[in-house]
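User: I would like a close look at a single part of this model. Please take it step by step.

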Amino acid sequence: MSPPQVIYSIGVRFAAGGIGDIAYFGARSLYEHAMLRCLLCGSYRKTDIPDEYVRGMGLTSRGLRRLALHDRSGYRLSSLHNRLYDRWVRSQLGPCEIFLSWNGFGLAALQEANARGALTVVYRASSHPREQARLMREEHARW
């Protein structure tokens with residue numbers, strides 16, 4: 001029996017610090033276990049996950065995320081980015097058994113994956129980044 005195929009989605013720069021690094025360790029584990037079908041992200045730094053598995057939204061994502069740093073409302077441009085990213089992910093969805101999206105980046109894509117019969121998972125980071133990094137290191141060492 002072959003392992004389930006997972007599409008992994010995170011709307012930030014993958015493997016470039018913060019939650020992008022946490023996402024990298026999760027996606028890398030899926031890749032190492034032959035479960036990663038595709039990684040969708042805002043943009044990415046090259047890693048040991050082969051490029052054919054990675055699709056980035058690119059300049060639109062990077063530009064909006066940078067502009068959002070100067071948004072006095074604190075949310076308008078981030079919200080616009082997240083909605084555009086979600087639509088982009090929805091358009092990129094292929095067949096999969098599991099669709100995993102980080103919180104805030106994928107309502108329409110989750111609904112589409114669910115309608116196609118995929119198990120849908122929302123990843124929500126809730127602990128402090130240092131604590132999460134410690135937990136990820138422990139789990140990585142264990143597996």
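Is Y24 buried or exposed, by its relative accessibility? Please also describe the aromatic rings and the sheet around this part of the answer.

Analyst: The model is predicted. Y24 has 12% relative accessibility, and buried means under 20%, so Y24 counts as buried.

Next come the rings. A pair of aromatic rings is described by the distance of the centres and the angle of the planes. There are six aromatic pairs in the model. In one of them, the ring centres of F14 and Y24 are 6.0 Å apart and the planes stand at 65°. Planes over 60 degrees apart count as edge-to-face, so this pair is edge-to-face. F14 belongs to strand β1 and Y24 to helix α1 (residues 19–32), so the pair ties together parts that are ten residues apart in sequence. F14 has 1% relative accessibility and therefore counts as buried. F14 and Y24 form one aromatic cluster with F25.

Another aromatic pair is made by Y85 and W88, with 5.8 Å from centre to centre and 40° between the planes, and this pair is tilted. Both residues lie in helix α3, three residues apart, which is about one turn of the helix. Y85, at 0% relative accessibility, counts as buried. W88, at 18%, also counts as buried, because the cut-off is under 20%.

Now the sheet. Strands of a sheet pair through backbone hydrogen bonds, either parallel or antiparallel. Here five strands form an open sheet in the order β3-β2-β1-β4-β5, and the pairing is parallel. β3 (54–56) and β5 (119–123) are at the edges with a single partner strand each, so one side of each has no neighbour in the sheet. From one strand to the next, the twist averages 20°.

Strand β4 (residues 98–102) and β5 run parallel and are joined by five bridges. I98 has L119 in β5 as its bridge partner. Helix α3 (residues 76–92), which holds Y85 and W88, packs on the sheet and touches β1 (6–14), β2 (36–44), β3 and β4. The direction of helix α3 makes about 150° with that of β2.

How values were computed: Residues numbered from 1 in each chain as written. Predicted model: local features only at pLDDT ≥ 70, side-chain atom pairs only at ≥ 80, totals over all residues. Heavy atoms only, no water. Pairing = 2+ DSSP bridges. Helix = DSSP H or I, 4+ residues; strand = E, 2+ residues; numbered from the N terminus. Axes fitted to C-alpha atoms, helices over the stretch in contact; angles between N-to-C directions. Contact = heavy atoms within 4.5 Å. Phe/Tyr/Trp six-rings, centres within 6.5 Å; stacked < 30°, edge-to-face > 60°. Buried < 20%, exposed > 50% of the residue type's maximum accessible area, 1.4 Å probe, protein only.
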